[in-house]
Every structure is written in structure tokens, then in C-alpha cells.
Amino acid sequence: MIRAFVGSIVSLAITVSTALAQGDGLIGSDSCAASTCHGNQIGLGESWNHSLTQFLANDPHASAGLVLVNSASQSIVRAIDRNAEYPSPQYDAVLRNRCVSCHTTAAPSDCEGTEPLEPAFLAAGVSCESCHGPAADWMDHHTSKSFGDLRTETSIRDTKSIVGRTNTCVRCHVGSRTEDKLVRDMNHDLIAAGHPALRFDLLIYDEILPAHWDRQSVANQDFTQSHVRTRTISRWINLAAASELAAERADVHTTDSSVPNSILLSVPWPEFSDYDCFGCHQSLRTLSPRTSLLKISDGLPIWNSWHSVGQIELYGKPDRLKKLSPHRSSPETIADLGAKIAKIHRDKADGEFETAKPRDVFDSIVSRIKQRPPFDWHEAAVEYLNLDAAVSDIESAENLEGSNSLRIGIQYLGKLLRYGDTPSKERSYLSPAKFDPGEFQSAVVRQFLPTDSPQSH
Amino acid sequence: MLCIVGGLVAGVAYSLFVLATPNGSRHVSTGTLALPHAHFENDCGQCHADLTPISSDASKIDLQWLGVSSVKSRQHTEAACQSCHRVGNHHRADLNSDWKSLDQDCASCHADHEGRENDLTAVANENCTVCHSNLAATCSGESKRQNSISGFTLESHGEFRSLSEGNDSGRVKFDHAQHLLPGQVEPGELGPMKLSSLPATLRERYRKTLNNAGQSDDDLVQLQCNDCHTPSGNPDPRSTLLSDRELGRYFSPVSFEEHCQACHAIRGGVGTPGTTELPHAVAWQDLDSLLAANILGSRAIGNARVPGDDSQAVEKPGDGFGPESPPAKNILDPGVLIAARQRVKTECQKCHQDEDLSGTSISAALSGESEPIIPTRWLQHGLYDHGVHASIQCDQCHAGVRDLGDSAEASDQNVIMISNIESCVGCHRDPMVKTPDEIQAKHEVEFGGMPVWASSDCILCHRYHPTDPNRALMIQAAQNPGSAEGAE
């Protein structure tokens, strides 16, 4: 009796799910799951044959929708709307308005209204079409050998090239207010409510993902040919996306825009997540170790520090910082600058890339750090990423063992950058308060130039 | 004197008649019985009764004044035969009175006393065409069959009705042509099935030797007709004929487990190593528990990521390797199960109509209450022995299986891909008709060396007497003429 009852509920839910079909060319990933297509057992056939089973089993994107109903998310939603207890229509309304555009494969219609969210919709998470594009206009054709000639005429996304893959990821992992006609704006309000800040790096995220594609394929070899190249180009795209988001946020508040009040209120200005978190979130002691190394207490935080460091010179450039500052600039200026910065870096990403020898890249970074310690945690983190890429390329070029001295040195630097010593569920609330740029510099010199000594700034 | 001479002449003439002619010899000796009846040859009473003729004319002889009744004769004839041969009548209820009588007269088709080698089952075509050349004259009402069949040509027989009228009644979406292609993909298509796509335990079954070389795991799956269509015996479990089973006259029903599962395993997207394939055709609520077991089980043994697991194999600046992996829970989020079942259902819809996927339909199929989704019999009014035709290439009669068609959608379920009478009459023809050139040309290869002439006797494909699962009805039919249905 109970089984029949549960079965009937499940059947009804499926019927309703089917009826609430997504729009905008989204057809769902159910048909991908056939054993002869992408749903074979992991290990049988080529990688494409079990890509969906691999994805569903091990990819964090598959459960990104279910994350929205766990305890941490319930806390975040309550912080946004104190009346939004789980489960309730108010809860689902917050999810529709603020969350599902990134955490699920959503159409614009899924991001509005007050209808309860279907369990299967959340359970599907960020599924195939989120990254590969709405499948309505390419599903029937993508099995054809000649489809390659038609790809650009369909909604299928480029996930093979560095630029294509980064563009696919940054729509959610940096954000956008326009891509796919969705608002994916994880702003300071959400961070304040408890959402982790977004610090996207394509190489790390790519390595974390259980590959549901063939990493050894010719197409993927371009991606992994040079870690330095991949990281550099992807960081250009990251900065471009961050700049565009900043410009889109600013656009809402430019004086010549006629925007409904509801939207004005939903896009705070100034938008604090466009700036270095730790520029504000620091100890207020007089002799704060977070005081700028430039000894400037000017209230000019670094703009989009995670993305801009190493790409735009902002440290010690107060004029630039003023133009991008939250209180000394204007939405119009930031909208204009954001668009220009984005274009510059998209053009760089689309252009030729001169690949230097990994050892030369590595040595130049080490030399730079030896000359001057990093200004702050962000700069140190970016240098760490650049060193990591160079070491990966050296390991490939020189066929080094995994436990080589360079890799050990990189691992040590990683420990220095950690917010805490032990894995913590609340790491999003931590900060690099204990980070010491001088110690980082010393560690670099000690690990990679054992006969040299660091120079002070 | 004259009378005596006349009598002597008549006697001599009669003696010559008796001694020299087959009909005459019957006056002193009726002739030996065929071998099946030989053991009671000396016990005439097994079949004969006084004043009760048994012959092809018995139904007409009615000499009441002598005590010879045609009705009694027919009843006696039928009862005598039915005492061993319990068969039904041939549409007796639909025949007018003259032809009813003929149906009851077994001897009209099965005449004995023709010698030991006489084949009692070898009924001449004339015994069939006497009615079927003009059914309107024999039936009491309107005949449902073709009115005039006088031979076995397209003109004299017509097409096989069950193949030419209506569409394929099967309800499985299947594309034969695609499945027979290498890798089961059409030219110009990606994603062919390779042997490596199949579970290791099943690869040997599908591994072929092509161009004198055995296939490797990296080679394409190449299906042949007998990968799915295996000869077997009579599916009717009552069949006790050993030859029926040995000669492979029939084909085993296509079974998902045996013929489809190797490539089309049902997983619902849950396919970590060690997970079990889902069974075919089970109630949905039973499927739910198996799906849940696969999902939770794979998480429990570390083959799948637990939702909420933010641990990382690669260090992120600041976060490090993230928090520790949370323990696997033993409760499945209902949304996950719903989504998995939807994937299963979508996979089912690849081959099945929606109406066959309801709980009611599945229950009816499992209990045997509903008709099989793939018809078990195609020739409704004739018999075909695949066993004797085994040398002939399947394409000769099933050419439609290679037709890819214009649409990407499977269309086999709408087309009966069995050739009609035109594929038979080339060989099954009058012995005086010369072998057609196109048939002769196929003798060695396409026909596998089979003779290119075969009999066109009606009884080769048709049976007069019906089978009946309830044998008691047969006896009732014998006792009550006109109460039972006829045969093919």
C-alpha cells in the first residue's frame, strides 16, 4: 500500500515535471542517459559513451541544485528573507529570484514567479545544457560527422578551446546580468548572507572536475598543452567577465537609464563585491598587519582584486583606483571603464599567445617575488597560481616525478595561503588574517633559490 | 440355352473386370490399408458397419428402403475416424448443406485401401479447390475469404492477406536497417557502438570474424539476423514433436534480456562500476527501490560523490583542499529518484509507445493478459517452415530490413517487412513451368544451393482441420456437425 502510494506520488511528480517544460531551447538531459548515448556504465566504451553517468556520479555540478536546500543554504536564504523558512513558497521564491540561475539549468521563466520548484528540477542541478548550450536546435544533428561545420550556427557552446571553456564557466563562476537572458549576480548581499565569495580559476576547477570527456583527446591537448598559456588566457577572460559584470551593475545606476525601482533596489550601489574583500574586512587596530604596504590609508580598495592582480597595475596607483573606487567614482565611469577593460582582455585572449619556455616563466616569477614581496594575499595567491602553472609545464617538459622539489615547494606555498590549518566547513567565513607577505617571499626564495636571500621592499 | 450362354459371357466379362481393372479388383479385395491403419486391416469392424457405406460417395447414398441412410453413413464415418484422430471441422457452420456433408465425409479426402505406401495426408489440390475456386457457391453466407483460389500464382491465389492488409501491428519502435549497419550508425554519423561498449561478459557473443580476422574490442559491433532471431521449436508448449523443435521451424521471440540488453542496458544514468543494470519490464515501484539502491550504494562505497561534498583533490588558494567529505546518507532526496526514473522512462520511450509504459500496461504484460507487443504470428492463414528454408539468405524474403528510409525516426513498426506471395511462386510452381531466370541466378549464393523448384500443393502451407486447446470441443464437433469453427 505504502509503496503504491509513493509510486503514485513519484508518477504524479514526473507528469508535472514533464508538463512544466523548460523554454529557451532547453530540452533537459533525460534523453542523454541512454546506454547507447551518454549513459553507459563508467569504464565501458569511449569517454563520450559514459559521460553522463560520470557526470551524475561524481561531478559537483550534478548536485548544485540540491545544495540550495541544505542547511547552509537555508541559513543564507533566511538572511535574505527572514520569512523564507524551508520548505515554503517564500523559500522557493528566493531561490527563483537569486539562486537557480546559477545552481540549475534554468530558463528565464524559471527565475521568476512564485510557483513551487519541482524536486526533479533542483535534483538535475547544473546539467548538460548549462555548459553545452540549449539542445533544441542541435540535439538531432550533433551525431553527424558534418556537424562540426554547423556548430557555429546552433546554440551548442564551444567547450574545447580555452576561450570557449572559460566563457562557459565564467557565466556562473564570475557572473553576468545578461548572458542567456539570465541574471547571475552573486553580489555582496549574498556574500553577506553567507554565500562563499567567487574566486574562479579555470585550471584548478578543471582539474577538480571528474572528466566526463577524454583528457587525452586531440581537442583537449590544446587545453593542456601549456598550463601557463591556459591560465593566462583564462585569467584574461575572467577579468573581462568581471569587468563586464561590474559595468552591467553600473549601467543600472547610470543617470540615463530608466530602470524600475525594484531592479534598482536589487542591484546595490556601490557593489562591494567588485573590490578586495580584505580591503574592508580587516582588523581595525592601529597597527593592523593588513595596513597597505604602501602605507596609504586612502580608502581605495583594489578593484576586482582576484581577477585584476597581475593584469592591471592598481597597486600604488591612486589615480586609477579613484576612477574605479566605490565612493569617489560614478556608475557612468565604472560602466565605461568596465566595458573597455573587458574588450582589451577579450582581444588579448583571442589573439596570438607567445609561449615562453616554462623555466624562463618560472624564473621570472621567482625573481619578481625575490625583488619585492607581494602586496597582499591576493597578489601572493595569483603569483602562486602562476608558479603552479609554470611548474606543471616544467614537469611535463622535463618529465619530472610528481614528488619533485619544485612541486613540494608549490605545495608549501599553498599551505601558507590557506585561511586555516585544518579543513573547515566554515572556510567561507575565514580570511587570510594570518597571512604574512614577507614569510611568503622568504618561502619562495628558500624553496626555489636556496642560495639566495629575499630582498625587502 | 441363350440364357446360359448369356450368363457365361457375363460371368467371363465380370471376371475380366474384376481381375484386370483396379475398380473391379475391389469387388473381391478392397485393397490393403495404408501403413498407419495396417494393424487392424483384418478387423473390418473398426471402421465398417453393416449397411453403412464408407466412400467418397457415401454421403450421397441414401437407400432408406434398404436401411442405408446417408446421415448415418456420414456420422459413422466421422465417428470412426474421430475415435483416433480428434480434429475439428472446416468452417462447417458456414457451409451450405451439400458442402457440410462433404466436410463430414473424411474419406472424400483421405481414401484408404490404396496400399501400404498410400499417404493418407497427401490431399490433392482438387479436394481444396472444389470449394475454394468458388466459395460463394459453398458458403451459406458471405465468405470472409477470397472467393476464388484455384492454384498458387499471384493471379490464382492472390496475396497473403495478413501481410498485405493493414500495417504492422507491432508496437516496438525499431529500425532494422540501422541495427544491421556496422556500429549501428548510418554513414556519416558519429558514435558507433564498439565491442568495448559492451559488458566484457557479452563481448564474445557479438565478436565476429570478418575478412578472416577476429574482431578486437575496438572494432564495431556488427549485427546479423541470427544475433536476434534464433531458430527454435514450436513455441506452443503442448508440442511434443521432437522434429518440431530440432528442425527450427519457428523463431524464438525476441527478448530484451537476450537480444537487446547488451547495448541497451537500462541504467537511468546510474552507472558507476558495480551497479546492476535495471531489469526490463518491472513495475515502476519496484524500479524505484533498485534505482535508489544503485545510487545510495555507489555513494556508500565511494564510487559516487555525496551531495554536499566540497572536498577537492586540488588545492585552491585559501580554501586548501576544502572540508572533509561528509558521510554518505542512507536517505535519498526524492528529487534525485524522480529525476532518475524520468531518465529511465525516457530511455524506455526510445522503443516503447507511451501507452505501453503505464503501470496498468506493464502489469497486464507481466501477467500475460495483454497481447505481446511484437506479434507472435504473421501468416495468419498459412504455415511457413523456416527450417527447410534455412539455406536461403534472409534478405530474399525480408528485403525491407535494409531500407534506411528517409526519416531518422524508426519506422519498422509501421511496415510488415515480409515479402508476399511473389517471393514464393518463383520456386513453388507447377512442375511444368520453367525456372525463371532470376531464380536460377540466385541458386548458388542467395539460395545457398537449395533446389529452385518446390511443390505448390495446398497442404504444404495449409491445414484443413483446426487445432483446439480444448480437445473435448473436437469430439463435440464430431458429434454435432456445424458447431465448431474451421481450420486455416
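**Salt bridges and helix packing**

Student: Asp227(B) and Lys208(B): buried or exposed?

Tutor: This is a predicted model, where local features need pLDDT of at least 70, side-chain atom pairs count only at pLDDT 80 or more, and totals for chains, interfaces and linings use all residues; side-chain values use heavy atoms, leaving out hydrogens and water. Residues are numbered from 1 along each chain as its sequence is written, with chains lettered from A and ligands numbered from 1 in the order in which they are written. Buried means under 20% relative accessible area, exposed over 50% and partly exposed in between, using a 1.4 Å probe and protein chains only. By that rule Asp227(B) and Lys208(B) are both buried.

Student: OK, and how many residues apart are Asp227(B) and Lys208(B)?

Tutor: They form a salt bridge, with the closest N and O atoms 2.9 Å apart; that term takes a side-chain nitrogen of Lys or Arg within 4 Å of a carboxyl oxygen of Asp or Glu. Asp227(B) is in helix H11 and Lys208(B) in the loop between helix H10 and strand S1 of chain B. Helices (H or I, at least four residues) and strands (E, at least two) are DSSP runs numbered from the N terminus. The pair links parts of the chain whose separation is 19 residues.

Student: Which residues share partners in one salt-bridge network?

Tutor: Over all chains the count comes to 36 salt bridges. The ones that share partners join up Asp201(A), Arg231(A), Asp388(A), Glu395(A) and Arg407(A).

Student: How far apart in sequence are the parts that Arg116(B) and Glu41(B) tie together?

Tutor: Their side chains meet in a salt bridge, 2.8 Å from N to O. Arg116(B) lies in the loop between helix H4 and helix H5, and Glu41(B) in the loop between helix H2 and H3 of chain B, so the separation is 75 residues.

Student: Why do H12(A) and H17(A) count as roughly antiparallel?

Tutor: Axes are lines fitted to C-alpha atoms, for helices over the stretch in contact (heavy atoms within 4.5 Å), and angles run from 0 to 180 degrees between N-to-C directions. Under 35 degrees is roughly parallel, over 145 roughly antiparallel, 65 to 115 roughly perpendicular, and the rest oblique. The axes of H12 (residues 227-252) and H17 (residues 331-350) of chain A come within 7 Å and cross at roughly 160°. The two helices are therefore roughly antiparallel.

Student: And what handedness does the crossing of H12(A) and H17(A) have?

Tutor: A crossing is left-handed if the near helix is turned anticlockwise from the far one by less than a right angle, and right-handed if clockwise. The way H12(A) passes H17(A) is left-handed.
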